[in-house]
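Please examine the sequence and the structure together before reading the account below.

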Amino acid sequence: MYLKGAVCIGPLYSLNYHYTFPIVLKNASRQYLTYGIAFVGVSFATVNRWENEKSTPNRLAQEKMLAICEENHITLAEIIHDAIIGDAAEISAMHPDKMILYHGSKSGIQGKIKPASRDRCDFGAGFYMGTDPLQPLTLICDYEQSVFYILSVDLHSLKTLDVPANIEWAMLVAYHRGRMEAARGTKFFQKYQELDKDYDMVIGSIANDRMFYVLDSFFEGTITDTALVKSLSALKLGRQYVAITQKACDAVKIEREVQLLWMERQALKKASEQNRSNGIAFANQICKEYRREGRFFDEILDGAKQRR
């Protein structure tokens, strides 16, 4: 794969490859390879082994290569994203009748795919996938043994619930995250308790690094439902697909499996921190703009309790 601008990064294909090839070549030309070798401190033979996926650069080499990228204003998170999108397009061409999605694991999938995440996730216990590769990447980048997956999913035989990007989505997430306990015993609570029952797959917006802060601000009572819905529209979130039955999990096939390099994880951490910072700034802006419109979360729950 080649970078835009002054630097390029080499090829990246194998059954278990990394998304950013670990030697940086200046000006996208082989004649500048000596620059990279001199900086990283390895031989041509070592570079060839890296290029041919025969070995992986050690931590020191990755630290130096990450420094080269930073000095040349190369954003590795964007490189990773673009490489994944390219791979996904190839897989989609081979499986035009299937949905291509992404998943991240802290230590890799062991055995059969199961609907076995924590109960307090957005749509409860399930196997979580999404349309935005950076979402799972930033969730797993703190873990040394983290593994990223490109998946294909056959949705044809599954019963799916598509949750719109509005207050219904936020309330279903509130129920599954345990934020709605104050309204337990009400028809309002029962509605969301039963909303995704008898479905195999739940589909809805991803609460990514930016939206996570906005959503928490709503639950904590610092922004209204109007501000939340405006945020959902403005952020143009990706979609998450959650297999909540074994039947849905059995429809998932692993197409690519990638264990992240140290340098890749560092780049993704930086991207995650920036997205989170942007989310805080965005939430504060939305809060100011719509602070007198709509209802706060506790007001919605209080109204539900009064109606019972």
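Predicted model: local features only at pLDDT ≥ 70, side-chain atom pairs only at ≥ 80, totals over all residues.

Residues are numbered from 1 along each chain as its sequence is written, and side-chain values use heavy atoms, with hydrogens and water left out.

Helix α6 spans residues 167–176; helices (H or I, at least four residues) and strands (E, at least two) are DSSP runs, numbered from the N terminus. Beyond the helix comes Gly-178, which has a positive phi near 80°. Eight of the ten residues of α6 are buried (under 20% relative accessible area, 1.4 Å probe, protein chains only), among them Trp-169, Met-171 and Tyr-175.

Helix α9 (residues 225–235) packs against α6 at an angle of about 105°, the axes being 9 Å apart. The two helices are therefore roughly perpendicular, a term for angles of 65 to 115 degrees. Ile-167, Trp-169 and Ala-170 of α6 meet Asp-225, Leu-228, Val-229 and Leu-232 of α9, where contact means heavy atoms within 4.5 Å.

Strand β7 (residues 201–205) has five of its five residues buried, so it is largely enclosed by the rest of the structure. β7 pairs with strand β6 (residues 160–162) in the parallel sense over three bridges; pairing requires at least two DSSP bridges. Leu-161 has Val-202 as its bridge partner in β7. With strand β8 (residues 239–243), β7 pairs in the antiparallel sense over five bridges, and Met-201 stands opposite Ala-243 in β8.

Key: Axes fitted to C-alpha atoms, helices over the stretch in contact; angles between N-to-C directions. Parallel < 35°, antiparallel > 145°, perpendicular 65-115°, else oblique. Buried < 20%, exposed > 50% of the residue type's maximum accessible area, 1.4 Å probe, protein only.
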